[in-house]
Amino acid sequence: MKPLHVLAVAAAILGTSGTSAQSGDWTKVESAARGQTVYWHAWGGATTTNDFIRWVGDQVAASHGVTLEHVKLSDTADAVGRVVAEKAAGKDTGGAVDLIWINGANFAAMKEAGLLYPSWVETLPNWQYVDVAGKPAVTSDFTVPTDGQESPWAMAQVVFYYDSARLPEPPTSIAALGDWAAANPGRFTYPQPPDFLGTTFLKQALIELTADATLLQQPADAVDYDAVTAPLWNWLDRAHPHLWRAGRAFPQTGPRQLQMMADGEIDLAISFSPGEASAAIANGQLPDTVRTFVLEGGTIGNASFVAIPYNASAPEGAMVLANFLLSPEAQSRAQDPEILGYGTVLDMDALAPADRALFDALDLGIATLSPAELGAALPEPDPSWATALADSWTERYGVAR
Amino acid sequence: MTRRLIPILVLGLLAGPVLAGVLGTLLPALGVTGQPGAFTALLNWPGLPRAAGLSLGTGLAATALSLALTALILAGWSGRRGFGVIERLISPLLSVPHAAAALGLAFLIAPSGWIMRLLSPWATGLDTPPNWLILNDPYGLALTLGLVVKEVPFLLLMSIAALPQTQPRRSALVAATLGYGAATGWLKTVWPRLYPQIRLPVYAVLAYGMSTVDMAIILGPSTPPTLAVEVVRWMNAPDLSGRNVAAAGAVAQLLLVLLALALWRLAEMLGARLMASWTASGTRGHRASRVISLAGLGATGLVAGAIGLGLLVLGLWSVTRRWHFPDALPAEWSLRSWHSQTSTIAGLTSQTMLIAAVSATLAVILVLASLETHRTHPPNPRLRPFARLLSYLPLIIPQVAFLPGLQWGMLQAGLSTGTLAVIAAHLVFVVPYVYLSLSAPYHAWDSRHACVAASLGASDRRIFWRLRLPMLLAPVLTAAAVGLAVSVGQYLPTLVIGGGRVQTLTTEAVALASGGDRRVIGVFALVQTGLVALGFALAIAAPRLLWLNRAGMRHGQ
C-alpha cells in the first residue's frame with residue numbers, strides 16, 4: 001500500500017482531516033476497538049514497566065473491551081525490523097505490531113520510511129491535557145517533528161544516582177566526573193553504546209565538553225563532526241582506564257546498573273528516569289541511602305511515545321490504548337515512584353481539580369528531585385548524532401583493537 | 001508403497017526449511033534484493049577479525065574440552081559401580097536450559113557473585129566486589145566454561161546411548177586380561193569405536209558453541225561480542241540497511257562453522273594417528289588409570305557443581321528482597337518476586353508447554369515412523385550417509401544463518417507467524433535431537449524377539465505395537481523428554497519466527513537478563529528449568545509405574 005492510500009484509509013477510519021477531534025468520530029473508534037487485541041511491542045527488561053503495562057491492559061479491557069498483549073522486546077528495533085520485513089514482503093494489512101513504544105532514531109527511521117500511521121494523535125480526546133507549550137519534547141522527538149504520528153506518554157530527563165553512604169559528595173559536571181573517576185578507579189561506568197542510555201551519556205558529555213552545543217541541533221553530517229566531537233573522545237580516552245573493568249566490559253543496559261549499584265560494584269550511575277532510584281528503593285533493589293542529582297549545566301530531557309505501524313491489525317484498539325495512557329489516571333500512576341516513577345506529559349493547569357489531586361497526592365520518593373531541582377531539560381540533539389556517536393564509539397572502544 | 005515416503009518426508013521437513021532459509025539469507029547478502037555492498041560493509045567492520053576469532057576459539061575450545069571431559073568420565077567410571085550415580089545425574093543436568101545454566105553460572109562466578117560472597121570478607125578481606133574481569137571477559141573464557149558445563153551432559157548421554165554397540169564389557173575384560181589399567185584399557189579399546197558413533201553430536205556441539213546467541217549474550221564478551229551476537233544486533237539495527245549487513249554476517253558465520261568443521265576433521269585424523277601410536281606402544285598405564293579416574297571425578301564435580309550451585313543461587317535470588325555484598329545469604333527474604341509474576345508465569349508456562357508438548361510428540365511420531373520404515377524397507381545403503389547428514393543439517397547450520405531468511409520466506413509465502421509457525425520451527429530442531437536419542441536404543445533392540453513373534457504369526461504392525469514399542473517405552477519417553485527440553489530452550493527460533501508475538505519462558509528469561517534484576521531472573525530461570533525437569537521425571541517414572549508388575553521390563557533390556 002502506498003502512503004497515500006494509508007492516508008485515505010486513516011481519513012476514512014477517523015472521518016476527519018486529522019486536527020480536530022469530534023466526539024462522534026472518537027465513538028466510532030471506540031466501538032471499532034471493542035473486542036480487538038492490541039499487540040504492544042514495548043521493551044520488557046524492567047519488571048516495573050512490565051507490571052505497569054499489565055495494569056494498563058486490565059484497565060482498557062474493563063473499560064473498552066480491548067485486550068492488550070505486551071510483546072516484551074529486549075530492543076525496540078526488533079519491532080521496527082518486524083514492520084520493515086512485513087513491508088518488504090508486501091504485507092500491508094494485518095501486521096504483527098499494533099503499537100510500539102518508541103522515540104528518537106527508531107521513530108525517525110520509521111517516519112522516514114513511511115511505516116507509521118499518520119495524523120492520529122491530536123484526535124485523541126485526552127490530547128487536550130497534554131502540555132504542548134511547556135514541554136516542547138512532546139511534539140519534537142529528537143528535533144524531528146512528530147506530525148501526529150506518535151503520542152507521548154512519559155517524560156524523561158537524565159539524572160545520576162549515587163549511594164550517599166559510600167559517596168557523600170558526587171561530582172556535578174562531566175569534567176569533575178573525569179577527575180573523580182581517576183581518583184576512584186573501577187567505580188563508574190555507563191551502558192555500552194549503542195544502548196540508548198549509553199548513547200545518551202555520550203550526548204550529555206558532548207553537550208558539556210564541546211565548544212558550541214547549538215551545533216548539535218543540526219544533523220551530524222552538516223557540521224565538522226571530528227572537530228565537534230574531539231573533546232569527547234579526549235575525555236573518554238583519559239577516563240576509560242579508570243572505569244569499571246578498566247573500560248574492557250560495559251553493562252549492556254541501563255537497569256543493569258541498578259544491580260551493579262546494589263552489589264556495590266559501582267558508586268555512580270546514569271539514568272533517564274528521575275524516579276527510577278526511588279522506585280528501586282521502594283521495591284528493595286537499592287538501599288535507601290541512594291540519592292539523585294543533575295549536572296550543573298543541566299541535563300537532556302525527552303519524551304517516550306507510542307506509535308502505530310501503517311499496517312497494524314488493530315489501529316483503533318491501539319488509539320484507545322494511547323488515549324488511556326494520556327489519562328490523568330494512567331499518568332499519575334506512572335508518576336508514582338512505587339509503580340514506575342516516570343514524569344507526566346500533562347499540563348497540571350489543564351486538569352480538573354479532582355484529576356489534579358491525583359498528582360498532588362503523590363509522594364515522589366526520597367531519591368526524586370523536585371521539578372525545580374531538576375531544572376529545565378536540555379533539548380535532545382538531532383537523531384543523527386545518536387547513530388554517529390554510537391558508531392564512532394564502537395569503532396574506538398567496542399572492537400578491542 | 002507410500003510408507004517408503006515417510007523418511008523422505010521427514011528429511012524434507014528437516015532440511016527444507018534450513019536450505020530455504022539459507023537461500024533467503026544469501027539473496028539479500030549478495031545484493032540480489034537491490035542493495036549492494038553488504039559484504040563491503042561487513043568487511044569494513046573493524047570488530048570482524050576479533051568477533052570471528054572469538055566464535056572460532058570459544059567453539060573449538062568448548063568442544064575439545066567437553067569431549068575430553070566426557071572421555072575422562074567414561075574412561076574412569078563407565079562399567080564401574082560409581083557410574084550409576086553419574087548416569088542418574090545426566091537427566092537433571094540436561095534438563096537445565098542453556099539460558100538458565102548461563103544465568104546461574106554468571107550469578108556464581110561474577111566478582112559480586114555467590115562464590116566471592118561466601119569467601120568475603122573473612123578470606124578475601126573485601127567489602128566491595130573486586131574489579132576483576134571474570135564475566136564477559138574479552139577471551140570468552142566464561143562463555144567457554146558455560147558451554148562446557150552444558151555440553152558434557154549431552155555428550156555423555158549420546159555416548160551412553162551408543163556404548164552398547166561397542167560391547168565395552170568384553171573389551172574391558174580382554175584389556176584387563178592383558179594387564180591394562182581399567183581407564184587406559186577403555187581409552188585404547190572402546191573409545192576408538194565409540195567416537196565415530198558420537199561424531200555427529202560432536203559436530204552439533206561445535207556448531208552450537210560457535211553460534212549460540214543466548215549464552216553468549218549472558219556470559220560472552222561485548223567489546224566486541226561473538227559474530228553470532230553481532231549478527232543479531234545488525235538484524236535489530238534502527239537504520240534499516242543493517243539488515244543486509246546482518247545477512248552478510250550470517251553467511252560469514254556459516255563459512256566460519258564450515259571452516260571449524262574442516263579443522264575439527266583434520267584434528268580427528270591427527271588424533272587417530274596419535275591414538276594408534278599410543279595404543280601400539282603397549283603401555284599398560286596403571287598409574288594413568290588412577291589419574292584418569294580422579295580427573296573424571298573432578299570433571300563430574302565441576303559440571304554438576306556449576307549447574308547445581310547455579311540453580312541454588314538462582315533459587316536464593318528468587319526469594320530475596322535485599323542481598324548486599326559481601327553477605328553470604330540475603331539480608332531480607334521475600335516471596336514478592338514470585339507473587340508479582342504469578343499471572344505472567346502461568347500464561348508463559350502454558351504457552352511454553354503447549355509448544356513443547358506438541359513439537360515433542362510430533363517429533364517422536366515422525367522419528368518412530370521413519371525408524372520403523374527403515375527397518376522394514378532398508379534404504380539404499382549408498383544414500384545413508386547423505387540422509388544422515390541431511391537430518392543433522394538443522395544442528396550444524398547456525399541458526400542465525402537461516403532463521404532470518406526463513407522468516408522472510410514465510411512472509412513471502414503469506415504464512416502466519418503464530419504459535420503454529422513456532423511449533424513448526426521448533427520441530428526442525430527437536431526432530432534431530434529425538435532421532436539422536438532414539439535411534440541407538442531402537443537399533444540395539446534384540447531383533448530375535450521379532451523373529452520369534454513373526455514365526456508365531458505376528459504381523460510387522462503387531463510386532464511394533466505389542467512388542468517393540470512397549471519394550472522401548474523408556475527410551476521413547478526419554479527421547480520425548482529430550483525433545484521437550486530442546487523446545488523449551490529455543491530462543492532465536494521463537495523470537496524470529498514468532499515475530500515477537502509468541503512468548504515463552506525462555507524469551508522472557510533472556511529479555512529480563514538484559515535488565516539484570518537477579519530476583520526476577522531467578523524466578524523465570526527456575527520455572528523454565530522446572531518444566532523440563534518435570535518432563536524428565538515423568539519419562540523416568542512412567543515406565544517404572546507401568547511395569548511395576550514386570551520385573552524384566554524395568555531395566556531396559
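Biologist: In this predicted model, what makes helix 4 of chain A count as mostly covered?

Modeller: A residue is called buried if 20 or more other C-beta atoms lie within 10 Å of its own, and 10 of the 12 residues of helix 4 of chain A are buried, so the helix is described as mostly covered. Among the buried residues are A77(A), V80(A), R82(A) and E86(A).

Biologist: How do you know that the reach of helix 4 of chain A is close to the expected one?

Modeller: The expected span is 1.5 Å times one less than the number of residues; helix 4 of chain A has 12 residues, for which 16 Å is expected, and the helix reaches 16 Å from its first C-alpha to its last, so the two values are close. Just after helix 4 of chain A, G90(A) takes a positive phi of about 75 degrees.

Biologist: What makes residues of chain A and chain B part of the contact, and how many does each chain give?

Modeller: Two residues are in contact if their C-beta atoms lie within 7 Å, and the contact takes 54 residues from chain A and 46 residues from chain B. Helix 4 of chain A gives the most to the side of chain A that touches chain B, with nine residues. That side has 23 nonpolar, 17 polar and 14 charged residues.

Biologist: Which parts of chain A are assigned to domain 1 and domain 2, and how many residues of each are in contact?

Modeller: The domain assignment gives domain 1 as 3-153 + 304-366 and domain 2 as 159-301 + 377-397. In chain A, 19 residues of domain 1 are in contact with 19 residues of domain 2.

Note on methods. Residues numbered from 1 in each chain as written. Chains lettered and ligands numbered in written order. Predicted model: local features only at pLDDT ≥ 70, side-chain atom pairs only at ≥ 80, totals over all residues. Helix = DSSP H or I, 4+ residues; strand = E, 2+ residues; numbered from the N terminus. Nonpolar A, V, L, I, M, F, W, Y, C, P; charged D, E, K, R; others polar. Domains from an automatic or database assignment.
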